[in-house]
Amino acid sequence: MFINITDSKEAANKGSSAGLVNYLEKENRIGHKQEPEYWFNGQKIRIEPYEVMRSIDNNVAKLGKDDAKFFLVNISPSQKEIRFLKEQYGEEGAKEQMKGFAVRVMDAYAKNFNRDGVNNNEDLLWFAKLENYRYYSYTDPEVKQGLKQRGERKEGEQMHVQVIVSRKDITNKIKLSPMNTSRGKNAEHSKKMGQFDRVAFKQSGESLFDSLFGFDRQLKDTMAYANVQKNGELSQREQLGVLAEGASRNYQSRSVANELARGVADGLFATSASMLSAVGKTTISFLEVMLEPIYTGGANIVPESEMQKKKKRKKKYQGQQVSR
């Protein structure tokens, strides 16, 4: 599950939303469908594009000309997740489920601000559009290499949801910016500033998908795993290796492993041993699997079997010295 928040560069969000709304209507224009794909939010499922533009553009009280007026949230399930939804709910059912999922994602978006009066999607002004395809742009390697043409439809499952959410809340009084990472002097001050944790928000989408649909996410498909492999230290990658080994040997351990992987990504464990001790507090069955011959790693730690081999070689060498 990939969730991304786009700022001004692509969304051109310091002026009217008309350009973005028009762009997100492209499938209705290209497909020439008798029944268009309507905009939706947590209250309505058939919203016209002019309603979206009018509502967003009028919800800008006390915002200057250089202030962001809205943000674009991209909710993109993986091809594996899309196939899972279609197997469970069918082609049209999967689309409806994705729309319902988007509402829950926007609940998480609202809660992430930790602001009084902003508790769920109903406290936000937002509109979403489900899209079935993606198209190659000039930035894609395939286009640069001449293998694909700009505007050509991409292969595979590409269903996703694009959300336009106002910078101001539904009352047009509270400023809400997901780009604000400023930390206050204390917890109360941070709350007033509206600090937004983008990593936590992206992670919440993955967790929501798994819990809502009963999706059995493999450890290597988690956001935490990808982050550690890309940006993590050696000790963190070693910890993931231990988790992957345990999860592969015990189906029941996957959800625990995924939870621990988030702790590894956050740097909560100094060593594999400290991570394993945390496992015991979570589930004994997982700990039993993990503690089969696995050692804690590290340059100065040698597995017991290797130690025994070294002792035998040393004794043999000493015996040869005595015989001489």
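Guide: The model is a predicted one. With a relative accessibility of 52%, Ala 12 counts as exposed, because the threshold for that class is over 50%. Ala 12 belongs to the loop between helix H1 (8-11) and helix H2 (18-23). In sequence, Ala 12 and Lys 69 are separated by 57 residues, while their C-alpha atoms are 9.4 Å apart in space. At Tyr 23, Lys 26 lies over the face of the ring, 4.0 Å from the ring centre.

Another exposed position is Lys 62, which counts as such because its relative accessibility is 80%. Lys 62 is located in the loop between helix H4 (49-57) and strand E2 (70-76). Its backbone is also worth noting: Lys 62 is not a glycine, yet its phi is positive, near 65°.

Helix H5 deserves a description of its own. H5 has 34 residues, but the C-alpha atoms at its ends are only 27 Å apart, whereas a straight helix would reach 50 Å at 1.5 Å a residue. A bend of about 115° occurs in H5 at Tyr 89. After H5 comes Asn 114, with a positive phi near 55°.

Tyr 89 also belongs to an aromatic cluster, together with Phe 84, Phe 101, Phe 209, Phe 213 and Phe 215. The model has 12 aromatic pairs in total. In one of them, the ring centres of Phe 101 and Phe 209 are 5.6 Å apart and the planes stand at 90°, so the pair is edge-to-face. Because Phe 101 lies in helix H5 (residues 79-112) and Phe 209 in helix H8 (residues 198-213), this pair ties together parts that are 108 residues apart in sequence. Phe 101 and Phe 209 are both buried.

In E3, 8 of the 8 residues are buried, so the strand is largely enclosed by the rest of the structure. The burial applies to both faces: Leu 124, Trp 126, Ala 128 and Leu 130 are buried on one side, and Leu 125, Phe 127, Lys 129 and Glu 131 on the other.

E3 runs antiparallel to strand E4 (residues 160-169), to which 7 bridges join it. Within this pairing, Leu 130 has Val 161 of E4 as its bridge partner.

Asn 172, in the loop between E4 and helix H7 (187-193), has a positive phi of about 65° although it is not a glycine. At Tyr 133, the charged end of Arg 153 sits over the ring, 3.7 Å from its centre.

Technical notes:
Residues are numbered from 1 along each chain as its sequence is written. This is a predicted model: local features need pLDDT of at least 70, side-chain atom pairs count only at pLDDT 80 or more; totals for chains, interfaces and linings use all residues. Side-chain values use heavy atoms; hydrogens and water are left out. Buried means under 20% relative accessible area, exposed over 50%, partly exposed in between (1.4 Å probe, protein chains only). Helices (H or I, at least four residues) and strands (E, at least two) are DSSP runs, numbered from the N terminus. Two strands pair if DSSP finds at least two bridges between them. Rings of Phe, Tyr and Trp (its six-membered ring) pair if their centres lie within 6.5 Å; planes under 30 degrees apart count as stacked, over 60 as edge-to-face and the rest as tilted. A charge sits over a ring if NZ of Lys or CZ of Arg is within 6 Å of the ring centre and within 35 degrees of the ring normal. The expected span of a helix is 1.5 Å times one less than its number of residues. The bend at a residue is the angle between axes fitted to the seven residues ending there and the seven starting there.
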